[in-house]
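Student: I have a model open and would like to go through it with you piece by piece. Could we start with single residues and then move on to the helices?

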Amino acid sequence: MPVSSCSDAPMTAAPRAGAPIAETPKARDPLNNWRGQSGAVGRRWPSEAALRAISALIPPAARGGAAALDAGCGSGRHALALAELGFGRVIATDADPQMTELARAAALGSGATLETHVAPLDQQPLPDGTIDLALSWGTLFQLGGRAAAVAALRELRRIIRPGGVVIADWRTDDDSLRTFASDVVEPGTIRLGPGAPAGLAGMVYSFWSADEVSALCAASGLTVVWLERCEIRDVRKDRRFAWWVTGARPSTS
Ligand SMILES: C[S@@+](CC[C@H](N)C(=O)[O-])C[C@H]1O[C@@H](n2cnc3c(N)ncnc32)[C@H](O)[C@@H]1O
């Protein structure tokens, strides 16, 4: 299994059109509220690390006839990237209807064909074994802990075809965000307190080692076939923001 490390510098592609993100109350608990954030949801470019994993695991020739899902799509930056990468069918889902609306508007603005559905990660509106790639970016580490992450992964496992792949990212257990915990929800899962950077205070994040991520995948019927460590260091503030990228295929045993 390839293991590598990277930094996740912004892409240099042209910005895509997108609707402004409105400030509205939380859709429901315990969904972390990303509306109006300047973080992942508002970004216009996909993560380079996500693109690397996709490129490594799904060759261009296989994409035209393939269906790709962006689960927890936010503004749809990865769904649009999947369309650009040549996937024949692209679906974007999110529990928050405002997010699917943002993704739909972004697709309209860029000319991409995108199916959107409002759905929680653990209840995808898709039949068994019909998806070649299920990407879920910036989501599985903020569902409230281990049980919810496994439920979401099992659902993604259900909808992918034999030989399909689930690509996801996870906060590492040495990520400096952990130091901003105001309370512990369960081991490895905390609520971020005052002082957390980039308006993250109040959000619930989970932090896992590579072995723990592999165990979560195994508990969901998946075997990790791609593992990359990504890291951004802020030397001045002595901070390390780090995440794993996994590609996982259905377990054969
Ligand atoms: C940090 S954003 C990431 C958005 C997008 N994947 C990206 O990379 O820009 C997290 C997204 O997950 C969605 N989300 C959070 N919990 C969810 C759940 N249980 N089911 C479905 N979507 C969820 C949020 O509404 C939000 O759009």
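Student: Where is Val184 found?
Tutor: Val184 is found in strand β7, which covers residues 181-186; bear in mind throughout that this is a predicted model.

Student: And is Val184 buried or exposed?
Tutor: Val184 counts as exposed, because it has 10 C-beta neighbours inside 10 Å, and the cut-off for exposed is 12 or fewer.

Student: Let's do the helices now. Which residues of α5 are buried?
Tutor: In α5, which covers residues 210-219, the buried residues are Val213, Leu216 and Cys217. Seen down the axis of α5, the buried residues fall within an arc of 100°, so they line one face of the helix.

Student: Why would residues three or four places apart point the same way?
Tutor: An α-helix has 3.6 residues a turn, so residues at that spacing point the same way.

Student: What covers the buried residues of α5?
Tutor: The cover includes helix α4 (146-159) together with the strands β6 (160-171), β10 (222-234) and β11 (239-250). Just after α5 comes Gly221, which takes a positive phi of about 80°.

Student: How do the axes of α4 and α5 cross?
Tutor: The two axes come within 8 Å and cross at roughly 50°, which makes α4 oblique to α5. The contact is made by Arg146, Ala149, Val150 and Leu153 on the α4 side, and by Leu216, Cys217 and Ala219 on the α5 side.

Student: Is that crossing left-handed or right-handed?
Tutor: The crossing of α4 and α5 is right-handed.

Student: Arg146 is in that contact, so what else is Arg146 in contact with?
Tutor: Leaving aside neighbours within four places in sequence, Arg146 is in contact with Glu186 and Leu216.

Student: What about α2, how many of its residues are buried?
Tutor: Seven of the eight residues of α2 (residues 77-84) are buried, so this helix is largely enclosed by the rest of the structure. The buried residues are Arg77, His78, Ala79, Leu80, Ala81, Leu82 and Ala83, a list that takes in an arginine and a histidine.

Student: And what covers the buried residues of α2?
Tutor: The cover includes the helices α1 (48-57) and α3, along with the strands β2 (67-71), β3 (89-94) and β5 (131-136). α2 is followed by Gly86, whose phi is positive, near 100°.

Student: Which residues of α1 are buried?
Tutor: Ala49, Ala50, Ala53 and Ile54 are buried in α1. Seen down the axis of α1, they fall within an arc of 140°, so they line one face of the helix.

Student: Which residue other than glycine has a positive phi?
Tutor: Asp238 is one of them, with a phi near 55°. Asp238 sits in the loop between β10 and β11 and is exposed, with 9 other C-beta atoms within 10 Å. Most residues other than glycine have a negative phi.

Student: Now the core. Which members of the largest nonpolar core touch the most others?
Tutor: That core has 67 residues, and Leu133, Ala134 and Val166 touch the most other members. Leaving aside neighbours within four places in sequence, Leu133 is in contact with Ile54, Ile58, Ala66, Ala68, Leu69, Gly164, Val165 and Ile167.

Student: Last one, what does the chain look like overall?
Tutor: The secondary structure comes to five helices and 11 strands, and 41% of the 253 residues count as buried. Among contacts with a separation of 6 or more, 69% are accounted for by residues 24 or more positions apart.

Key
Residues are numbered from 1 along each chain as its sequence is written. This is a predicted model: local features need pLDDT of at least 70, side-chain atom pairs count only at pLDDT 80 or more; totals for chains, interfaces and linings use all residues. A residue is buried if 20 or more other C-beta atoms lie within 10 Å of its own, exposed if 12 or fewer, and partly exposed in between; C-beta atoms are placed from the backbone. Helices (H or I, at least four residues) and strands (E, at least two) are DSSP runs, numbered from the N terminus. The arc is that of the directions from the helix axis to the C-beta atoms. Two residues are in contact if their C-beta atoms, placed from the backbone, lie within 7 Å. A nonpolar core is a set of buried Ala, Val, Leu, Ile, Met, Phe, Trp, Tyr and Cys residues joined through C-beta atoms within 7 Å. Axes are lines fitted to C-alpha atoms, for helices over the stretch in contact, and angles run from 0 to 180 degrees between N-to-C directions. Angles under 35 degrees count as roughly parallel, over 145 as roughly antiparallel, 65 to 115 as roughly perpendicular and the rest as oblique. A crossing is left-handed if the near helix is turned anticlockwise from the far one by less than a right angle, and right-handed if clockwise.
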